[in-house]
Amino acid sequence: MRSSFVATTGLKLVRTPSARRQAVRRRMVIAGAVAVFALASGAIGYLTAPQGAPDEAARTGPFSYFPSE
């Protein structure tokens, strides 16, 4: 018995996406998800960063652990 899910009309090449098209679609979805994640991370970083001029006392460097005064 044939399945009711089998398409019986139309060209065989048009009915379902090829493996190549599915791979391209998968890559595009992954690239889009990475881009959305990067934009969301940047927006969260921008919104949570302190606004205004940085404190002068908060300087760090290779010798910041040693008291300078």
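Trainee: Which backbone oxygen lies 3.4 Å from a polar atom of the Thr48 side chain?

Mentor: A polar contact is a pair of N or O atoms within 3.5 Å; within protein, one must be able to donate a hydrogen and the other to accept it, and residues adjacent in sequence count only if both atoms are side-chain atoms. Here the oxygen belongs to Gly45. This is a predicted model, where local features need pLDDT of at least 70 and side-chain atom pairs count only at pLDDT 80 or more. Side-chain values use heavy atoms, without hydrogens and water.

Trainee: Is Thr48 buried or exposed?

Mentor: Buried means under 20% relative accessible area, exposed over 50%, partly exposed in between (1.4 Å probe, protein chains only). Thr48 counts as exposed because its relative accessibility is 61%.

Trainee: Where is Thr48 found?

Mentor: Helices are DSSP runs of H or I, at least four residues, numbered from the N terminus. Thr48 sits in helix α2, which covers residues 19-48.

Trainee: How many residues of α2 are buried?

Mentor: Zero of its 30 residues. In the protein, buried residues make up 0% of the 69 residues.

Methods:
Residues are numbered from 1 along each chain as its sequence is written. Helices (H or I, at least four residues) and strands (E, at least two) are DSSP runs, numbered from the N terminus. The expected span of a helix is 1.5 Å times one less than its number of residues.
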